[in-house]
Amino acid sequence: MNLSLAHETGIAQMAATQINNPLHGITLEKMLSELVDGLGWAEMGRRVGIRCFTHDPSMSSSLRFLRRTPWARTKVEALYLERRHNVPAPRE
């Protein structure tokens, strides 16, 4: 297979995948800002159950934690999708 063709095919597949991704183009900072503006830190802490939202919360510490902790980021993304796109949260 031609390397150029394989590369183009891969890019096309990635583009098609991103079209169906409701989080495509939305930064973690934007997502968190919208959630905090809409819900507040206390409600975020209640819904997501992450200490960085309940004990002296700040954008910088929360972003740092979410970037380093995949399970927490997944919960925040699910809450964002639930609020923004009416996508039901996954059951645990």
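**Entry 1: order of elements**

I read the elements of the chain from the N terminus on, and they run α-α-α-α-α-α. I counted six helices and zero strands. Helices (H or I, at least four residues) and strands (E, at least two) are DSSP runs, numbered from the N terminus. I noted that this is a predicted model, where local features need pLDDT of at least 70 and side-chain atom pairs count only at pLDDT 80 or more, while totals for chains, interfaces and linings use all residues. Residues are numbered from 1 along each chain as its sequence is written, and side-chain values use heavy atoms, with hydrogens and water left out.

**Entry 2: whole chain**

I looked up burial next. Of the 92 residues in the chain, 26% are buried. Buried means under 20% relative accessible area, exposed means over 50%, and partly exposed is in between (1.4 Å probe, protein chains only). I then looked up contacts, meaning heavy atoms within 4.5 Å. Among contacts between residues at least 6 apart in sequence, 51% join residues at least 24 apart.

**Entry 3: α2 and α5**

I took helix α2 (residues 28-39) and helix α5 (residues 59-68), whose axes come within 11 Å and cross at roughly 125°. That makes α2 oblique to α5. The axes are lines fitted to C-alpha atoms, for helices over the stretch in contact, and angles run from 0 to 180 degrees between N-to-C directions. Angles under 35 degrees count as roughly parallel, over 145 as roughly antiparallel, 65 to 115 as roughly perpendicular, and the rest as oblique.

Which residues make the contact? On α2 I listed Leu28, Glu29, Leu32 and Ser33, and on α5 Met59, Ser62, Leu63, Leu66 and Arg67. By class, the contact of α2 with α5 has five nonpolar, two polar and two charged residues. Ala, Val, Leu, Ile, Met, Phe, Trp, Tyr, Cys and Pro count as nonpolar, Asp, Glu, Lys and Arg as charged, and the others, Gly among them, as polar.

**Entry 4: salt bridges**

How many salt bridges are there? I found five, by the rule used here: a side-chain nitrogen of Lys or Arg within 4 Å of a carboxyl oxygen of Asp or Glu.

Arg84 and Glu34 form one of them, at 2.8 Å, N to O. The pair links distant parts of the chain, with Arg84 in helix α6 (residues 70-85) and Glu34 in helix α2, 50 residues apart. Arg84 counts as partly exposed at 46% relative accessibility, and Glu34 as partly exposed at 26%.

Arg47 forms a salt bridge with Glu43, and their closest N and O atoms are 2.8 Å apart. Arg47 and Glu43 are separated by about one helical turn because they are four residues apart in helix α3 (residues 41-48).

I also looked up Glu77 and Arg73, whose closest N and O atoms are 3.0 Å apart in a salt bridge. Is Glu77 buried or exposed? Glu77 is buried, with a relative accessible area of 19%, and Arg73 is partly exposed at 29%.

**Entry 5: His85**

I ended with His85, which lies in helix α6. His85 counts as partly exposed, at 36% relative accessibility. Not counting residues up to four places away in sequence, His85 touches Pro22 and Tyr80. The C-alpha atoms of His85 and Pro22 are separated by 8.0 Å, and the two residues are 63 apart along the chain.
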